[in-house]
There are 2 protein chains.
Amino acid sequence: MAPGQTCPYTHRMPRNDARGGHTRGPSIRDVARLAEVSAQTVSRVSTGSDAVRQETRDRVLRAMEQLGYSPNHAARALRDGRFGSIGLLAHRFDRTGESMITDAVLRAAQAEGYGVTLVTVQDAAHDGWTPAANRLRHQTVDGLIIIRSEGHSTEQLALPTGMPVAVSDSRVHGVYPCVVSDELNSSRMAVDHLLSLGHRTVHYVAGPEDSEPARLRRAGWRTGLVQAGAEVPEPHVGDWTADSGYTAGTALAADPEVTAIACANDETAFGVLAALHEAGRRVPEDVSVIGFDDVSLSRFTQPPLTTVKQHFTTIGTQLFRLVMDQIGTPRTAEIPDVTVPTELVLRASTAPPRSASVSRAQTG
Amino acid sequence: MAPGQTCPYTHRMPRNDARGGHTRGPSIRDVARLAEVSAQTVSRVSTGSDAVRQETRDRVLRAMEQLGYSPNHAARALRDGRFGSIGLLAHRFDRTGESMITDAVLRAAQAEGYGVTLVTVQDAAHDGWTPAANRLRHQTVDGLIIIRSEGHSTEQLALPTGMPVAVSDSRVHGVYPCVVSDELNSSRMAVDHLLSLGHRTVHYVAGPEDSEPARLRRAGWRTGLVQAGAEVPEPHVGDWTADSGYTAGTALAADPEVTAIACANDETAFGVLAALHEAGRRVPEDVSVIGFDDVSLSRFTQPPLTTVKQHFTTIGTQLFRLVMDQIGTPRTAEIPDVTVPTELVLRASTAPPRSASVSRAQTG
DNA sequence: TGTTGCTATGTTAACGAGAACAACCCCTGG
DNA sequence: CCAGGGGTTGTTCTCGTTAACATAGCAACA
């Protein structure tokens, strides 16, 4: 071989062990070599093109299996500008709502051959969602699902244009496609239930101030009371946890006037229940308690918890659907908006107050 | 221009709107053109190389910002054979253990600049984990964390060689790096606690037969009884749910001989508690109940549940660490194995039996 | 003044896959 | 016997990025 010329056969350096133990898998070329065909033919087999003779196809398939080949996702993504994956952005994934939605999104996505990549923001108040979303733009995803529950409402969520997105937060109504439960009316429904049992008013243990669902649920409670002409007591502000419910419940238990308590969510209600029990106030004889969410354990409290059921799985499925619709077709002017219905689940934690002499004839 | 020659300026076709609305973002070349430098210089800026004059760097950064550029992840992944992402494989993500581990893994991963991609298998018994894991090989991940809880133990998990992996399943001891709680001894600890209170024996509500943790916890319970010379009653087999605990609890409540019940997990214990309460058997006066996991709500049952605390967050963090260690350095012969300690959390659901006349002097 | 040595920048090639096109086979029909 | 055509297979090129190498500019120094 002439000096200064590169030998074509030693040209490709083996660089498999370059990056700490993790070797690159076999490529389409390795398969091609083994099957004695061109790379393109291998590609045809792996994309399911029909223009391959049966015998050739078998040979290629055998080679693939022998090498344990599977197509490189990054190369495909680079080539066709799609990642086959969607991002799921939330504060945390270890709570009932988020984890159920996550599971549902994942199942829906996998059914359509999409992957799901998780993203959190450490401090939503400080970092905000936008940078995280932006980082994802070229990163790895074709679309984005955002579950916002805490976060300052002042911050406007700005996403790269053209990025398919679905948000579970009613604050983006009309800006981004969104899927939510009808928090406000559901909460009102809970209050109406208690009022219709004869309670004079309903006390409230709210969620954190910076949470939109918490705000809506609280507004629903208030509206229910106001429309019924009932007194509106000062709500106790919690943070979704049973702990905060316990604290609020302890205070409420001390007030003999309290006969009905609505809670921002079930966990809070669990804490309230524990506090009432500890204080010797019976549920529902002395005090009625109602929750929100219908987590799986709500059937097993003592007494079983009356609550408003949220269909998290449906929310997750719908969120994915909205994103997929945008990936499939050019964006329409119409911004879709899905409200997932809730339902009142009557169990044993609510009952008429003992002194239910005052009949409330109102029915509207 | 000579015929048959392609005009260099119209060469690149605009194909942005090709795939349904979602346009490709600006590429490194767009930035280069705007900043009037070469693509390589842009690359140098975005990888933080120092060999760029300050003035040039500023010009490039300005161009990046103006175009909203961010580097294409697929291209980078293709180029250096890394995806900057790890896979997390589990049956479901909507239960306490899985969701807490998921959240911990995600936080640890993000802290090191890694993404997390979720994967489930629809039917582990049928599909098995291996195909799912294999699909991930070239797919999108540099490493893999597997949370196995159900799945037939007969199936051996075979992973592509060289794929960094960490498994939360003691069945792969010595085969793959793994992180687990010491289920067996923890469960024994729970039984010992009850026996030491004076109970003659401890009844058991087990997890599903095809779950390894369930099997270990059950074995721990049995060992505890056998070593203490106590009678070993037939366990009730549940499926981790409060529902199954309720069913078992109803049966157990009917047997006046039963004074102590250990449960495969907290949810099951919640069901048992509900059944006992409904049957009029008091806890802990008539029957002691102990759980496993220490989910957040366990403090708020009536009475508060004595249980064995699992540190899910630690498990998640450790799993990620084990995977990272393999990505960073060539694989060592030693297969690491982490056992995360548990602790007995004493609350109010366990107490000596009422007829605690039989003193058990044994101590170990 | 020409060589050396450095810094800043540009050029080339390659990562793996697949669309577009070219080329080849073999068979049929004029 | 050769043109035409369908069925298979191979070649080329590109996606966006960056390592490796090449080059240009300039200062220091003998």
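Student: Where do A:Glu212 and A:Arg215 lie?

Tutor: Both residues belong to helix 9 of chain A, three residues apart, which is about one turn of the helix. Please note that this is a predicted model. A:Glu212 and A:Arg215 form a salt bridge, with the closest N and O atoms 2.9 Å apart.

Student: Is A:Glu212 buried or exposed? And what about A:Arg215?

Tutor: A:Glu212 counts as buried because its relative accessibility is 5%, under the 20% cut-off. A:Arg215 has 46% relative accessibility and therefore counts as partly exposed.

Student: Why can such side chains pair at all?

Tutor: Side chains of opposite charge can pair when their charged atoms come close.

Student: Which parts of chain B does the salt bridge of B:Asp286 and B:Arg354 tie together?

Tutor: In that salt bridge the closest N and O atoms are 3.0 Å apart. B:Asp286 lies in the loop between helix 11 (266-278) and strand 9 (288-290) of chain B, and B:Arg354 is in the segment after strand 12 (343-345), so the pair ties together parts that are 68 residues apart in sequence. B:Asp286 counts as buried because its relative accessibility is 12%, whereas B:Arg354, at 65%, counts as exposed.

Student: What does A:Glu183 pair with?

Tutor: A:Glu183 forms a salt bridge with A:Arg217, the closest N and O atoms being 2.6 Å apart. This pair links distant parts of the chain, since A:Glu183 is in helix 8 (residues 183-196) and A:Arg217 in helix 9 (residues 212-227), 34 residues apart. Both A:Glu183 and A:Arg217 are buried.

Student: New topic: how many salt bridges are there between chain A and chain B?

Tutor: There are two. In one salt bridge, B:Arg299 pairs with A:Asp243, with 3.0 Å between the closest N and O atoms. The contact between the chains takes 65 residues from chain A and 67 residues from chain B, and the area buried there is about 5700 Å².

Student: How do the two copies of strand 2 run where they join?

Tutor: They run antiparallel, and three bridges join strand 2 of chain A to strand 2 (residues 115-120) of chain B. Within this pairing, A:Thr117 has B:Thr117 as its bridge partner.

Note on methods. Residues numbered from 1 in each chain as written. Chains lettered and ligands numbered in written order. Predicted model: local features only at pLDDT ≥ 70, side-chain atom pairs only at ≥ 80, totals over all residues. Heavy atoms only, no water. Contact = heavy atoms within 4.5 Å. Buried area = accessible area lost by both parts, 1.4 Å probe. Salt bridge = Lys/Arg side-chain N within 4 Å of Asp/Glu carboxyl O. Pairing = 2+ DSSP bridges. Helix = DSSP H or I, 4+ residues; strand = E, 2+ residues; numbered from the N terminus. Buried < 20%, exposed > 50% of the residue type's maximum accessible area, 1.4 Å probe, protein only.
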